[in-house]
Amino acid sequence: MIVRIMGEGQVRLDDGHLTELNKLDDELLAEMQSGDEEGFRRTLGALLDAVRRLGAPLPDAALEPSELILPSPDATLSEVREMLNDDGLIPG
C-alpha cells in the first residue's frame, strides 16, 4: 500500500501493519470527537511516526497513486475532521 503524508511524501507500507495503525486511528477519532486537542496532537504524531517507521520511503521523483492520504503533522483538528470518513483516516 502507498501512503502519502501531506507535505512529506510517500511511503510503501505492508498491509500487515494496518491493524497497528487502525488502533492509533481509532484513538485519534475518539480524541477528535471529544475535542481533546492535546490527545489529538499526541496520537496524530504517533500515527505518522508509525507510518514512517514501518514504511519504506519512496523517492521524491516517484509519483505512485496513494491508497491512503494522511494529514501533515501540523494539521489542525478541524482540517483533519474534514479528511475523516466513518472509519477515521484509515479504512477498516
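**Close-up views of a predicted model**

**View 1. The sheet.** Four strands make up an open sheet of mixed pairing, in the order S3-S2-S1-S4. Its edge strands are S3 (56-57) and S4 (68-70), each of which pairs on one side only. Helix H2 (residues 37-54) packs on this sheet and touches S1, S2, S3 and S4. The direction of H2 makes about 135 degrees with that of S1. The model shown in this and the following views is predicted.

**View 2. Pairing of S1 with S2.** Strands of a sheet pair through backbone hydrogen bonds, in either the parallel or the antiparallel sense. Strand S1 (residues 2-5) and strand S2 (residues 9-12) run antiparallel and are joined by 4 bridges. Isoleucine 2 has arginine 12 in S2 as its bridge partner, and valine 3 stands opposite valine 11 in S2. The two strands form a hairpin with 3 residues between them. In the turn, glycine 7 has a positive phi of about 85 degrees.

**View 3. Pairing of S2 with S3.** S2 also pairs with S3, in the antiparallel sense and over 2 bridges. Here arginine 12 stands opposite alanine 56 in S3. Arginine 12 is also the bridge partner of isoleucine 2.

**View 4. Glutamine 10 in strand S2.** Glutamine 10 is found in strand S2. This residue is buried because its relative accessible area is 6%, and buried means under 20%. Its side chain reaches the backbone oxygen of glutamate 64 at 2.6 Å. The side chain of glutamine 10 also makes a polar contact with the side chain of serine 66, at 2.8 Å. Leaving aside neighbours within four places in sequence, the residues in contact with glutamine 10 include Ile2, Val3 and Arg4, as well as Ala56, Pro57 and Leu58.

**View 5. The loop between S2 and H1.** Glycine 16 is found in the loop between S2 and H1. At 57% relative accessibility, glycine 16 counts as exposed, since the cut-off for exposed is over 50%. Glycine 16 and methionine 1 are 15 residues apart in sequence, and their C-alpha atoms are 9.9 Å apart in space.

**View 6. The two sides of helix H2.** H2 has 18 residues and reaches 26 Å from its first C-alpha to its last, close to the 26 Å expected at 1.5 Å a residue. Its buried residues are Gly39, Phe40, Thr43, Leu44, Leu47, Leu48, Ala50, Val51 and Leu54. These residues lie on the same side of H2 because they cover an arc of only 155 degrees around the axis. On the other side of H2, Glu38, Arg42 and Arg53 are exposed. What covers the buried residues of H2 includes the strands S1, S2, S3 and S4, together with helix H1 (18-34) and helix H3 (77-83).

**View 7. The N-terminal end of H2.** Aspartate 36 caps this end of the helix. A side-chain oxygen of aspartate 36 lies 3.4 Å from the backbone nitrogen of glutamate 38. Glutamate 38 is exposed.

**View 8. Alanine 50.** Alanine 50 has its place in helix H2. At 2% relative accessibility, alanine 50 counts as buried. Not counting residues up to four places away in sequence, alanine 50 touches Glu20, Leu21, Leu24 and Gly55. Alanine 50 and arginine 81 are 31 residues apart along the chain, and their C-alpha atoms are separated by 20 Å.

How values were computed:
Residues are numbered from 1 along each chain as its sequence is written. This is a predicted model: local features need pLDDT of at least 70, side-chain atom pairs count only at pLDDT 80 or more; totals for chains, interfaces and linings use all residues. Side-chain values use heavy atoms; hydrogens and water are left out. Two strands pair if DSSP finds at least two bridges between them. Contact means heavy atoms within 4.5 Å. Axes are lines fitted to C-alpha atoms, for helices over the stretch in contact, and angles run from 0 to 180 degrees between N-to-C directions. The expected span of a helix is 1.5 Å times one less than its number of residues. Buried means under 20% relative accessible area, exposed over 50%, partly exposed in between (1.4 Å probe, protein chains only). The arc is that of the directions from the helix axis to the C-beta atoms. A polar contact is a pair of N or O atoms within 3.5 Å; within protein, one must be able to donate a hydrogen and the other to accept it, and residues adjacent in sequence count only if both atoms are side-chain atoms.
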